[in-house]
Amino acid sequence: MSVRIAGMGLVTPLGCGVDNVWNRLLRGDESSAQIISRSEGTKTYQAFLVPNEALENMPTHPRLRRASVISRFAAAAGLDAIAQAKSMNFKIDMARLGLVFAVSNGGVVYTKRFYHAIVESGAQSASPLLFPETVFNAPASHLAAILGVNGASYTIVGDGAVGVLGVKMANDLLDTGTVDYCLVVAAEEADWLLCDAYHRWRLVKSSPPVELFSNPPRGTILSEGAGAVLIGREGRIKVDSIEAGGNFLHQRNSTEIVNRILLELRYEGAFVVASANGTFVDLAEAGAIRKQVPDSIVYSAKPALGESVGASALWQVIIAAQALAEKQLPPMLHVADNAGLRFPGAPNRTGSSAIVSSCGLNQQAAGLRLSI
């Protein structure tokens with residue numbers, strides 16, 4: 001495999017921009033939870049939301065005037081990744097740029113919002129014109145138009161590991177020779193409907209903090225935002241290997257599939273950026289790490305950023321790449337003392353390889369390894 005990361009972009013509850021978010025993680029900052037509720041009900045949930053000021057510097061574009069928040073997140077992260085690559089003098093021909101958009105729950109949020117409007121307005125208002133974004137690929141359409149992408153454009157829908165599968169698709173597109181670069185963007189929008197569903201599945205907790213590797217797990221806090229990586233043949237960070245993983249039928253089988261992924265990706269001296277988020281995922285990863293890469297340092301940003309579902313895997317990839325470039329990891333927050341794992345200490349210097357382990361909440365797992 002000979003693909004590299006040429007540029008990166010981040011939109012998170014801690015703000016926008018890779019450097020900005022990274023510096024806040026290094027300081028040990030945490031996102032502030034906000035209360036969200038259903039307009040016609042009294043039940044409330046807490047979630048980590050992207051602050052309004054994070055998108056203040058977005059360029060004006062007709063496509064963004066009526067685009068929903070998830071499209072704005074995707075556009076901001078994608079534009080930052082392109083800008084970062086251009087700042088390093090990489091020559092990007094937009095006609096030879098592919099686009100892969102990864103998403104998990106976004107379309108459900110659109111449908112819910114339009115549904116309530118139609119119920120209030122009456123059946124005569126139910127026109128296709130009222131549903132411009134009830135398809136999952138709407139953000140990809142917006143982003144392609146904003147960037148002027150005329151090449152291949154794909155949307156993939158999956159679980160928390162969908163971002164890793166997006167990187168694999170980008171690699172496959174580059175192998176075809178039809179594109180010189182491929183922009184992979186993953187985004188998620190937190191909403192009452194999403195929180196309620198995950199609450200019913202007993203995956204979220206009522207309030208922060210997100211406590212990692214607790215046994216039994218205590219639940220996660222949902223968040224929103226986007227991540228983007230520009231994949232090409234040049235760049236400082238190399239993608240060494242991608243494991244597409246697969247699906248597990250039951251939570252009890254998740255450790256088995258994560259074991260297989262880490263077995264294939266393990267590399268002496270590599271640290272692990274885990275998808276640990278306070279749910280059963282933590283126990284699956286902890287068991288696999290202890291067995292396959294017991295000496296590795298383990299890091300997860302979920303206590304600081306929350307569980308962004310569709311965007312989470314690309315957040316992990318970007319954090320792993322940044323840790324390799326900066327040769328350090330942020331401090332771990334709210335982690336159980338009895339996890340039996342190694343966490344970043346002081347000094348927390350990293351090696352030259354990183355493993356990203358991505359275990360989703362809905363039966364999907366994948367991973368990749370980066371090097372510098």
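## Exercises on packing in a predicted model

Val 298 touches Phe 213, Val 272, Ala 274, Ile 289, Met 332, Leu 341, Arg 342, Phe 343 and Pro 344, leaving aside residues up to four places away in sequence; contact means heavy atoms within 4.5 Å. The model is predicted, so local features need pLDDT of at least 70 and side-chain atom pairs count only at pLDDT 80 or more, while totals for chains, interfaces and linings use all residues. Residues are numbered from 1 along each chain as its sequence is written, and side-chain values use heavy atoms, with hydrogens and water left out.

**Exercise 1.** Determine whether Val 298 is buried or exposed.

*Solution.* Val 298 belongs to strand E11 (residues 298–299); helices (H or I, at least four residues) and strands (E, at least two) are DSSP runs, numbered from the N terminus. Step 2: apply the cut-offs. Buried means under 20% relative accessible area, exposed over 50%, and partly exposed in between, with a 1.4 Å probe and protein chains only. Val 298 has 1% relative accessibility and therefore counts as buried.

**Exercise 2.** Classify the ring pair Phe 213 and Phe 343, then the pair Phe 248 and Phe 280.

*Solution.* Step 1: state the criteria. Rings of Phe, Tyr and Trp (its six-membered ring) pair if their centres lie within 6.5 Å; planes under 30 degrees apart count as stacked, over 60 as edge-to-face and the rest as tilted. The structure holds four aromatic pairs. Step 2: take Phe 213 and Phe 343. Their centres are 5.7 Å apart and their planes at 40°, so this pair is tilted. Phe 213 lies in the loop between helix H6 (192–200) and strand E8 (225–232), and Phe 343 in the loop between helix H10 (312–326) and strand E12 (353–359), so the pair ties together parts 130 residues apart in sequence. Phe 213 is buried, at a relative accessible area of 3%, and has a positive phi of about 60° although it is not a glycine. Step 3: take Phe 248 and Phe 280. With centres 6.2 Å apart and planes at 75°, the pair is edge-to-face. Phe 248 counts as buried at 2% relative accessibility, and Phe 280 does so at 11%.

**Exercise 3.** Describe how helix H1 (residues 18–26) packs on H10.

*Solution.* The axes come within 11 Å and cross at roughly 80°. Axes are lines fitted to C-alpha atoms, for helices over the stretch in contact, and angles run from 0 to 180 degrees between N-to-C directions. Step 2: name the arrangement. H1 and H10 are therefore roughly perpendicular to each other (under 35 degrees is roughly parallel, over 145 roughly antiparallel, 65 to 115 roughly perpendicular, the rest oblique). Step 3: list the contacts. Val 18, Asp 19, Trp 22 and Leu 25 of H1 meet Ile 318, Ile 319, Gln 322, Ala 323 and Glu 326 of H10.

**Exercise 4.** Which residues have the most contacts inside the largest nonpolar core?

*Solution.* Step 1: define the set. A nonpolar core is a set of buried Ala, Val, Leu, Ile, Met, Phe, Trp, Tyr and Cys residues joined through side-chain atoms within 4.5 Å. Step 2: read off the residues. The largest such core has 96 residues, and Ile 5, Phe 213, Val 229, Ile 231 and Leu 370 have the most contacts inside it. H10 gives the most to this core, with 10 residues.
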